[in-house]
Amino acid sequence: MATSGVTFGKKTLRDLKVERGMPVLVRVDFNVPLKDRRVTDDARIRAALRAIEQLREAGARLILCSHLGRPKGADPATSLAPVSERLSELIDHRVHQAPEVIGPEARRGASRLEPGEILVLENTRWESGETKNDPQLAAELAELAEAFVLDAFGSAHRAHASTVGVAQHLPSYAGPLLEKEVTTLRGVIEAPERPLVVVLGGAKVTDKVALIDRFLDMADALLIGGAMCFSFFRAQGVDIGNSLVEDAGVLLAQGALDKADESDCRLLLPVDLVAGDDFSEHATVRRLDGVEVAQGWMGLDIGPRTTERYAEEIGQAGTIFWNGPMGAFELEPFAAGTRGVAEAVASAPGYSVIGGGDSGAAIAQFGLADEVDWLSTGGGASLELLEGKELPGVEALDDAD
Ligand code: ADP
Ligand code: MG
């Protein structure tokens, strides 16, 4: 197990003695996709059920809060009402929805809860103080409850009023999802079963360069795919045609190539590609035997030889960490590389962890989400944790005795 030997260091839900009727504020991550006021992917809601069910069974009065999207002020399109409806279906019990984050209606709703009942506050970002970690907002949230549980891993890297601010006012505990996420991801870097094979893809090198640097220090193999590889190829002087590349990324890739020369970690780049003349479902598609891309074409997926090579590395790994798709997987002609890697990760005997974001969406799209050992609910938070940063939300919780 990748999580053995990792200590969490913070109070958890197991330390919270819930008295029947005790009001508990839980910061969850209900930042889910909506379409026509319906939740289209409820994975994050289901991931919060453990905390919710444990507290309900203990007879707590639950007040849940979360952000959803990036509204600037109260905006009905980002209301949590559709989330409350979905949660109600999942727990087969009524869920009350407050019309505001803080204020008289929220207070009244909280005070009327029976033991085991749930009130969902409105989108925390409807309050401008949320992202500024406004002390007044934090204090008003805290007034609703006698204890605070942070279970929103996907928001734990942000010092906001509902993650960090409120923890300063109440006894504060980590929920089971947060605890599992942090110990699992720290386990990947602190105590991995070897070999540790890391697969990185996606669009932006600049977002992930800290991760590349860190894994060159501690992984056994680093497999690069996605648009990220073109920064490496340009740094090597290979023609990349019209492939997606960032100028800043090329310098960073050069740095990584230099570091890889001295490192014990093997850095693998694609050996073949699939190119298109357009970023579109209807593009003309060309299989390239190598990695040189002609003008007018862009590399949009890794090729079959690369996929096979990467799958072999993944199959031999003791621990696998994957973040970022291998190509433009949303477009069917360029999905094969990501699908092949997803299948390899799903069937690998090693302990497999996926870093959320688009790679999480990809593995779900291929119906393989249940086949991996851990699919993180947090994109940005998982990257920051792996980079070795402390998450402010976790820091703010009470220390374990
Ligand atoms: P994650 O969310 O998993 O961290 P990113 O957000 O970094 O991943 O990247 C995902 C995006 O990268 C996807 O929308 C995908 O279409 C795009 N992408 C991957 N490979 C390529 C490529 N070769 N050219 C253009 N876009 C790509
Ligand atoms: Mg992304």
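**Close-up views of a predicted model**

Figure 1. With a relative accessibility of 18%, Arg-56 counts as buried, because buried means under 20% relative accessible area. This view, like those that follow, is taken from a predicted model. Arg-56 belongs to helix α2, which comprises residues 49-57. A polar atom of the Arg-56 side chain is placed 2.9 Å from the backbone oxygen of Gly-116.

Figure 2. Which residues come nearest to ligand 1? Of the 20 residues around the ligand, they are Lys-208, Gly-299, Glu-330, Asp-358 and Ser-359. By class, this shell is made up of eight nonpolar, nine polar and three charged residues. Strand β14 (298-302) and helix α13 (357-365) each supply at least two residues of the shell. Helix α13 gives the most, with three residues.

**Figure 3. Polar side-chain atoms beside ligand 1.** In the side chain of Glu-330, an N or O atom is 2.4 Å from an oxygen atom of ligand 1. For Lys-208, a polar side-chain atom lies 2.9 Å from an oxygen atom of the ligand. For Asn-323, the corresponding distance from a polar side-chain atom to a ligand oxygen atom is 3.4 Å. Ligand 1 taken alone exposes 580 Å², and the protein buries 84% of that area.

Figure 4. Helix α10 spans residues 247-262, and its buried residues are Gly-249, Val-250, Ala-253, Ala-256, Leu-257 and Ala-260. Why do these buried residues line one face of the helix? Seen down the axis of α10, they fall within an arc of 120 degrees, so they line one face. The buried residues pack against helix α8 (205-218), helix α9 (228-235) and strand β11 (266-268). On the other side of α10, Asp-247, Leu-251 and Glu-262 are exposed.

**Figure 5. Ser-128, in a loop.** Ser-128 is located in the loop between strand β6 (118-120) and helix α5 (135-142). Is this residue buried or exposed? The relative accessible area of Ser-128 is 54%, and the residue is therefore exposed, since exposed means over 50%. Between the C-alpha atoms of Ser-128 and Gly-175 there is a separation of 26 Å, while along the chain these residues are 47 residues apart.

**Figure 6. Ser-352, in strand β16.** Strand β16 covers residues 351-354 and contains Ser-352. The relative accessible area of Ser-352 is 1%, and the residue is buried. Apart from neighbours within four places in sequence, Ser-352 is in contact with Ile-320, Val-345, Val-372, Asp-373 and Trp-374.

**Figure 7. Gly-393, in helix α15.** Gly-393 is found in helix α15, which consists of residues 392-395. With a relative accessible area of 0%, Gly-393 is buried. If neighbours within four places in sequence are set aside, Gly-393 is in contact with Leu-150, Ala-156 and Val-164. How many residues apart in sequence are Gly-393 and Phe-8? They are 385 residues apart in sequence, and 13 Å apart in space from C-alpha to C-alpha.

Methods: Residues are numbered from 1 along each chain as its sequence is written. Chains are lettered from A and ligands numbered from 1 in the order in which they are written. This is a predicted model: local features need pLDDT of at least 70, side-chain atom pairs count only at pLDDT 80 or more; totals for chains, interfaces and linings use all residues. Side-chain values use heavy atoms; hydrogens and water are left out. A residue is near a molecule or strand if one of its heavy atoms lies within 4 Å of it. A polar contact is a pair of N or O atoms within 3.5 Å; within protein, one must be able to donate a hydrogen and the other to accept it, and residues adjacent in sequence count only if both atoms are side-chain atoms. Accessible areas come from the Shrake-Rupley method with a 1.4 Å probe; for residues, only the protein chains shown count as cover. Helices (H or I, at least four residues) and strands (E, at least two) are DSSP runs, numbered from the N terminus. Ala, Val, Leu, Ile, Met, Phe, Trp, Tyr, Cys and Pro count as nonpolar, Asp, Glu, Lys and Arg as charged, and the others, Gly among them, as polar. Buried means under 20% relative accessible area, exposed over 50%, partly exposed in between (1.4 Å probe, protein chains only). The arc is that of the directions from the helix axis to the C-beta atoms. Contact means heavy atoms within 4.5 Å.
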